[in-house]
Amino acid sequence: MYKEKAIEAMKDVFKEVPYGIEHTLKVLKNAEDIMEGENLPEDEKELISIVAILHDIGAIEAQRKYGSMDGTYQEKEGSKVARGILEKIGYSSVKTDRVCFIVGNHHTPAKIDGLDFQIQWEADLLENLAYMDVSKDKDMLKKYIAQHFKTTKGLKAAHLRYGYTT
């Protein structure tokens with residue numbers, strides 16, 4: 001129920017930016033695929049799905065305030081926008097705090113402090129890696145993937161997507 005409401009709210013925020021919707025739905029699919037490899041309770045899967053849906057939710061406000069959708073500004077604005085959405089849909093306040101922490105730090109791997117955050121990091125990175133400089137050098141890419149992907153399914157997906165096997 002909350003997942004569907006979060007998707008509706010995300011689509012409303014990104015209504016002028018179809019790429020935002022497309023990217024978010026790809027990240028959500030990646031997160032769901034990665035979660036299949038983990039033994040997680042349903043409420044944890046829902047929280048991770050909501051994080052995936054809202055991870056870039058601060059981009060529009062960042063563009064409005066700072067003239068940029070850079071990750072730093074997304075983090076700065078994202079948790080406020082996410083909190084407003086989650087309060088509106090009646091999501092648990094404790095879980096809202098966790099979602100907002102991850103959304104507010106989702107471009108900062110040093111802040112990863114749990115499997116929920118790790119799954120989000122990997123799900124987003126699967127989409128973003130193609131646009132990063134590291135993807136231009138196979139050896140650097142292989143090291144980067146080994147360093148940043150910790151889940152079995154995420155690591156396998158990165159290897160398959162970026163052209164080599166373990």
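Me: Which residues is Glu38 in contact with, leaving aside its neighbours within four places in sequence?

Reply: Glu38 is in contact with Leu115, Ile119, Thr151 and Thr152, where contact means heavy atoms within 4.5 Å. This is a predicted model, in which local features need pLDDT of at least 70 and side-chain atom pairs count only at pLDDT 80 or more, whereas totals for chains, interfaces and linings use all residues. Residues are numbered from 1 along each chain as its sequence is written, and side-chain values use heavy atoms, with hydrogens and water left out.

Me: How far apart are Glu38 and Ile119 in sequence and in space?

Reply: Glu38 and Ile119 are 81 residues apart in sequence, and their C-alpha atoms are 9.8 Å apart in space. Glu38 itself sits in the loop between H2 and H3 (helices are DSSP runs of H or I, at least four residues, and strands are runs of E, at least two, numbered from the N terminus).

Me: Why is Glu38 called partly exposed?

Reply: The relative accessible area of Glu38 is 22%. Buried means under 20%, exposed over 50%, and partly exposed in between, with a 1.4 Å probe and protein chains only, so Glu38 counts as partly exposed.

Me: What makes Glu36 and Lys153 a salt bridge?

Reply: The closest N and O atoms of Glu36 and Lys153 are 3.4 Å apart. A salt bridge needs a side-chain nitrogen of Lys or Arg within 4 Å of a carboxyl oxygen of Asp or Glu, so the pair qualifies. Glu36 lies in the loop between helix H2 (18-35) and helix H3 (42-54) and Lys153 in helix H9 (residues 152-161), so the pair ties together parts that are 117 residues apart in sequence. Glu36 is exposed at 58% relative accessible area, and Lys153 is partly exposed at 31%.

Me: What makes the approach of the Glu75 side chain to the backbone nitrogen of His106 a polar contact?

Reply: The side chain of Glu75 reaches that nitrogen at 3.3 Å. A polar contact is a pair of N or O atoms within 3.5 Å; within protein, one must be able to donate a hydrogen and the other to accept it, and residues adjacent in sequence count only if both atoms are side-chain atoms. Glu75 also touches residues including Asn105.

Me: Why is Asn105 called buried?

Reply: Its relative accessible area is 12%, so Asn105 counts as buried. Asn105 is placed in the loop between helix H6 (93-103) and helix H7 (115-128).
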